[in-house]
Amino acid sequence: MRGTPGYMAPEWSSSIITEKVNVYSFGVVLLEILCGRRNFDHSQPEEAMNLLDLFKKNIEEDQLLDMVDKYSEDMQLHGVEVVNTMKTAAWCLQKDFTKRPSMSMVVKVLEGVVNVESGLDYFFLNPPLPNTRAGVDNQEVHVVSATTLLPLVLSGPR
């Protein structure tokens, strides 16, 4: 397993890795840009430390406008468009990779050609890195697991 904690798709903890792991990571980065903060921000109060948890809460309470980057005048001026783009991020963050869009579909949504799918699941899973070292009788054992990689499907020209 390789990646940055907080940006890794939930399926990294299983043996099914697809091209959609990058879509998940893109969703996290997109949300960070729109909100003007990091995914894990230890300077925030405990209930707001994890951006995905805060995002889920604000979606459920229909308060996404409150998450728009308060330090960006442009983001504040275009709040409605930013909230619509947050919905694109939500689509990218689906815990079930089969429900995430392809990156070519994300581009079409951002261009305004396609709408975000309805009926999204807002339980965004942001798993921690598993412990890759286990102590046995005061000896460290490195645990290595092989993951079968599925062939990537290229999205083709845009």
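Visitor: Why does Val 83 count as buried?

Guide: This is a predicted model. In it, Val 83 has 13% relative accessibility. Buried means under 20%. So Val 83 counts as buried.

Visitor: Where does Val 83 lie, and what is Val 83 in contact with, leaving aside neighbours within four places in sequence?

Guide: Val 83 lies in helix α4. With those neighbours left aside, its contacts are Leu 64, Leu 65 and Val 68. Asp 66 is 17 residues from Val 83 in sequence. In space, their C-alpha atoms are 9.5 Å apart.

Visitor: Why are α1 and α2 called roughly perpendicular?

Guide: Their packing angle is about 75 degrees. Roughly perpendicular covers 65 to 115 degrees. Therefore α1 and α2 are roughly perpendicular to each other. Their axes are 11 Å apart.

Visitor: Which residues make the contact between α1 and α2?

Guide: From α1 come Tyr 24, Leu 31, Glu 32 and Cys 35. From α2 come Leu 51, Leu 52 and Phe 55. Six of the contact residues are nonpolar, none is polar and one is charged.

Visitor: How many residues are in the largest nonpolar core, and which helix gives the most to this core?

Guide: The largest nonpolar core has 29 residues. Those with the most contacts inside it include Leu 31, Phe 55 and Met 67. Helices α1, α2 and α4 each supply at least two residues. α1 gives the most, with seven. In soluble globular proteins, nonpolar side chains tend to be buried together.

Visitor: What does Met 67 touch, not counting residues up to four places away in sequence?

Guide: Met 67 touches Leu 34, Cys 35, Leu 51, Leu 54, Phe 55, Asn 58 and Met 86.

Key: Residues are numbered from 1 along each chain as its sequence is written. This is a predicted model: local features need pLDDT of at least 70, side-chain atom pairs count only at pLDDT 80 or more; totals for chains, interfaces and linings use all residues. Side-chain values use heavy atoms; hydrogens and water are left out. A nonpolar core is a set of buried Ala, Val, Leu, Ile, Met, Phe, Trp, Tyr and Cys residues joined through side-chain atoms within 4.5 Å. Buried means under 20% relative accessible area, exposed over 50%, partly exposed in between (1.4 Å probe, protein chains only). Helices (H or I, at least four residues) and strands (E, at least two) are DSSP runs, numbered from the N terminus. Contact means heavy atoms within 4.5 Å. Axes are lines fitted to C-alpha atoms, for helices over the stretch in contact, and angles run from 0 to 180 degrees between N-to-C directions. Angles under 35 degrees count as roughly parallel, over 145 as roughly antiparallel, 65 to 115 as roughly perpendicular and the rest as oblique. Ala, Val, Leu, Ile, Met, Phe, Trp, Tyr, Cys and Pro count as nonpolar, Asp, Glu, Lys and Arg as charged, and the others, Gly among them, as polar.
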